[in-house]
Amino acid sequence: MSSKGSSKKLILVLLAIAVSVGVPLSMFLTAKYLKVDKIDLPDYYLPEGVQTRVEDGKTVTDTVYHQVSDITLTNQLGNKVSLNKDLAGKVVVINFFFARCPSVCPKLTSNMILLQNAFRKNPKVRNELEQDVQLVSMTVNPEHDSFPVLRDYADRFNVNHDHWWFLTGSKQDIYNFARNELRVSVQPTEGGVEDFIHTEKIVLIDKDRYIRGYYDGLDSADIKRCAEDVVILTLEKKHKKR
């Protein structure tokens, strides 16, 4: 595809997202991409060390960032799914909730709906973003939230089951993933029955499983920022293919 055709396609995608989310995406971002073919990418989070290498006779220092390990859980359709294998090559947006939550979680899920609608396929606009992005909601109350419960919950919010998973499984696995892989909770824990994570954070992971953003899932401005960062990361993937 020509660069001119790609630019027109990008404009249509950004406009579709802007309409769906209800906000104008940054015109600065659009202009910057179209003019110089270079964009400011979302930061990497959780540095874990430094590596040095020699390049053209010079010593170069690289920061090593945390990569999110895989986890296998059961989705709302009853299927065992792997975050890294089944979603290989996709940008992933993750949040935590539980079905009986009376206040925070319904609001958080409603805001995730804004993201789903932003990336859904529009028959009038060819939108590849839907294929590049997966939404994931993990229950923090797996003892109650079986997959049928999660399916009922998802259906109440008109979730697209193909592009948004609600996951359940071992509480230990989910809590370990939240604390040690995504680092969404700093609360001390003894791992007992009273241990409970309740966070409004949304985490953005790129296709290589690096954490690229944390967002307040109850803040509409942060939801908009998340939508923009997702778009940028999908461009990053396309850019690397050249």
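**Figure 1. Asp 62 and Arg 53 meet in a salt bridge.** The N-to-O distance between the two side chains is 2.5 Å in this predicted model. A salt bridge here is a side-chain nitrogen of Lys or Arg within 4 Å of a carboxyl oxygen of Asp or Glu. Arg 53 also forms a salt bridge with Glu 55, with the closest N and O atoms 2.3 Å apart. Glu 55 counts as partly exposed, at 40% relative accessibility. Arg 53 is partly exposed at 35%, and Asp 62 is partly exposed at 26%. Buried means under 20% relative accessible area, exposed over 50%, and partly exposed in between (1.4 Å probe, protein chains only).

Residues are numbered from 1 along each chain as its sequence is written. In this predicted model, local features need pLDDT of at least 70, side-chain atom pairs count only at pLDDT 80 or more, totals for chains, interfaces and linings use all residues, and side-chain values use heavy atoms, leaving out hydrogens and water.

**Figure 2. Lys 207 forms a salt bridge with Asp 208.** The closest N and O atoms are 3.3 Å apart. Lys 207 is partly exposed at 28% relative accessibility. Asp 208 is partly exposed at 30%. The structure holds 7 salt bridges.

**Figure 3. Five strands form an open sheet with mixed pairing.** The strand order is β7-β6-β5-β8-β9. The edge strands, β7 (164-167) and β9 (211-216), each pair on one side only. Neighbouring strands are turned by 20 degrees against each other on average, direction ignored. Strand β8 (residues 201-205) pairs with β9 in the antiparallel sense over 5 bridges. Lys 201 stands opposite Asp 216 in β9. Two strands pair if DSSP finds at least two bridges between them. Helices (H or I, at least four residues) and strands (E, at least two) are DSSP runs, numbered from the N terminus.

**Figure 4. Helix α6 lies across strands β5, β6 and β9.** The helix spans residues 171-181. Strand β5 covers 91-97 and β6 covers 133-139. Helix α6 runs at about 115 degrees to β5. Axes are lines fitted to C-alpha atoms, for helices over the stretch in contact, and angles run from 0 to 180 degrees between N-to-C directions. Contact means heavy atoms within 4.5 Å.

**Figure 5. Ser 137 is a buried residue of strand β6.** Its relative accessible area is 1%. The side chain of Ser 137 makes a polar contact of 2.5 Å with the side chain of Asn 95. Another polar contact, of 3.0 Å, joins the side chains of Ser 137 and Trp 164. A polar contact is a pair of N or O atoms within 3.5 Å; within protein, one must be able to donate a hydrogen and the other to accept it, and residues adjacent in sequence count only if both atoms are side-chain atoms. Not counting residues up to four places away in sequence, Ser 137 touches residues including Phe 97, Met 112 and Phe 166.

**Figure 6. Leu 182 belongs to the largest nonpolar core.** Of its 58 residues, those that touch the most other members include Val 93, Phe 96 and Leu 182. A nonpolar core is a set of buried Ala, Val, Leu, Ile, Met, Phe, Trp, Tyr and Cys residues joined through side-chain atoms within 4.5 Å.
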